[in-house]
Amino acid sequence: MKRFILSSVILSALALSASAKEGEIKFTEYDLPNGLHVILHEDHTTPIVNVSVMYHVGSKNEDPQRTGFAHFFEHLMFEGSENIKRGEYMKLIQSNGGVLNANTSQDRTYYFQTMPSNQTELALWMESERMLHSKIDSIGIETQRKVVKEEKKQSYDNRPYGHLLESVFSNAYTTHPYKWTPIGSAQYIDQASYSEFQDFYKTFYVPNNAVLVVAGDINPDQTKAWIEKYYGSIPKGTKAIPRPTNAEPEQTAEKHVDFYDNVQLPAVILAYHSPKMGSDDSYALNLLNQLLSQGASSRFQKQIVDKDQKAVAVGSFSFPLEDPGLVMCFGIGNMGVSPEDLEKAMDAEIEKVKTGEISTEEFTKLQNQAETDFVSQNARIAGIAENLASNYTYFRNTNLVNSELAKYQKLTIADLKRVANKYLNKSNRTVVYYLPKSMEKKG
């Protein structure tokens with residue numbers, strides 16, 4: 001969802017580092033009696049503040065016959081409230097010099113705005129309105145039904161390789177709700193009744209299923225007083241919050257799928273089951289992905305694209321998911337290269353990692369990249385706020401914002417080779433050939 005409202009007053013400030021000075025990111029956290037977890041981070045580097053709320057609800061919490069609800073609500077929550085007129089939510093942020101956005105994943109929904117710090121109270125009030133008084137009515141539902149359908153058309157149906165993730169997840173998972181992606185099914189949104197939307201809101205958009213982060217140029221005492229004023233009286237949710245418990249069975253044999261779409265060049269995706277984020281092996285796999293595909297000197301790029309010219313684009317990345325996820329290696333084949341040849345080339349590079357050498361120089365570069373990425377994530381107030389919210393939501397360990405880098409620093413070359421051999425096996429993967437419709441056999 002794209003809901004950027006930019007103010008020239010604060011654009012330059014957003015680009016500045018919010019943690020330029022050395023040392024750890026300091027924060028305080030506490031719970032309100034209604035279960036809302038609050039995290040405050042004080043930083044006076046620039047006169048801005050980020051107010052964000054992360055709700056622990058994503059597509060994996062949905063009814064299989066109502067997929068797309070979490071993402072739909074991301075849109076619906078901008079319709080306004082009992083005290084904010086329809087269509088005025090974004091205008092209020094804009095007119096007061098702010099930037100706002102929201103996004104939905106398989107595991108959570110995240111709302112945030114970055115404002116001049118003298119508008120902190122306004123931002124806090126508006127997020128409390130979303131939590132307590134959002135408009136869940138027929139006008140908003142019908143409006144957003146049209147919006148979501150158009151988004152699906154533009155971002156998925158009419159975009160090259162737009163159904164790539166859907167084709168991978170729907171085949172890599174058999175029982176876990178990760179088998180559908182957050183965009184869900186438009187038909188289910190159409191079928192849903194008004195009462196179902198109300199029920200979803202009352203179940204998930206409650207203080208005991210959320211974390212509020214206020215980061216930036218704040219007065220902590222005054223901020224706490226505002227939080228008590230606007231959030232303290234919001235009732236705690238009373239409905240049981242659905243959490244999926246069905247673990248995906250271990251895959252024991254390679255699965256192969258052909259998917260046809262309106263593309264010109266075939267793509268090959270190798271999707272391996274991987275551990276959930278936060279586990280030791282997940283950090284090693286992240287470094288392994290960097291080895292394979294990050295930068296011009298990466299293994300895939302140098303061999304498959306530059307030397308062999310079998311692909312025009314390659315990549316390898318992990319999905320940061322709360323439950324066990326996927327490592328996806330992909331390549332878009334060059335003109336005249338068969339998907340079989342491209343798959344063999346990708347397999348060859350993976351095998352080199354398993355059985356060959358990784359030089360000390362190469363590994364040092366990977367760790368330097370990891371450190372740079374870690375610092376970059378915390379280089380803006382908005383990045384710090386999201387990391388604080390995520391670390392609490394997923395791990396109940398907010399201080400990972402300071403300690404996570406150590407998990408990369410303790411890794412060794414042997415760890416990379418170990419996880420390559422443990423997870424990047426053919427019996428543990430789904431292979432998707434994403435093919436031009438012209439290659440589909442007729443009849």
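Buried means under 20% relative accessible area, exposed over 50% and partly exposed in between, computed with a 1.4 Å probe on protein chains only. The views below show a predicted model, in which local features need pLDDT of at least 70, side-chain atom pairs count only at pLDDT 80 or more, and totals for chains, interfaces and linings use all residues. Residues are numbered from 1 along each chain as its sequence is written, and side-chain values use heavy atoms, with hydrogens and water left out.

**View 1. Helix α10, residues 280-293.** Helices are DSSP runs of H or I with at least four residues, strands are runs of E with at least two, and both are numbered from the N terminus. α10 is mostly covered, with 12 of its 14 residues buried. The buried residues of α10 are D281, S282, Y283, A284, L285, L287, L288, N289, Q290, L291, L292 and S293. The expected span of a helix is 1.5 Å times one less than its number of residues. Just after α10, G295 takes a positive phi of about 95°.

**View 2. Helix α13, residues 360-377.** The 18 residues of α13 should span 26 Å at 1.5 Å a residue, and the end C-alpha atoms are 26 Å apart, in agreement. Buried in α13 are F363, L366, Q369, A370 and F374. Seen down the axis of α13, these buried residues fall within an arc of 135°, so they line one face of the helix. The arc is that of the directions from the helix axis to the C-beta atoms. Exposed residues T360 and E361 are carried on the face of α13 turned away from its buried side.

**View 3. The largest cavity.** On a 1 Å grid over the protein atoms alone, a cavity is a set of points where a 1.4 Å probe fits but cannot get out; a pocket is an open set with protein on both sides within 12 Å along at least five of seven lines; lining residues have an atom within 4 Å of a point. Grid points are joined across faces, edges and corners, and a volume is the space filled by probe spheres set on the points. A search of the whole structure finds one cavity of 30 Å³ or more. The largest cavity holds about 40 Å³ of space. Its lining consists of G68, V148, K152, I183, S185, A186 and I189. At least two residues of this lining come from each of α5 (138-157) and α7 (186-191). By class, the lining of the largest cavity has four nonpolar residues, two polar and one charged. Here Ala, Val, Leu, Ile, Met, Phe, Trp, Tyr, Cys and Pro count as nonpolar, Asp, Glu, Lys and Arg as charged, and the others, Gly among them, as polar.

**View 4. The second largest pocket.** About 400 Å³ of space lies in this pocket. Its lining has 23 residues, of which A247, E248, S274, D323 and P324 are the closest to the pocket centre. The elements giving two or more residues to the lining are β8 (267-274) and α16 (413-423). The lining of the second largest pocket divides into six nonpolar, 10 polar and seven charged residues.

**View 5. M54 and R243.** M54 lies in strand β3, residues 48-55, and is buried, with a relative accessible area of 1%. R243 is in the loop between α9 (220-231) and β7 (255-261) and counts as partly exposed at 36% relative accessibility. R243 and V57 are 186 residues apart along the chain, and their C-alpha atoms are separated by 9.0 Å.

**View 6. Positive phi at Y161 and Q309.** Y161, in the loop between α5 and α6 (164-172), has phi near 60°, a positive value in a residue other than glycine. Q309, in the loop between α11 (299-307) and β9 (311-318), has phi near 55°, also positive in a residue other than glycine.
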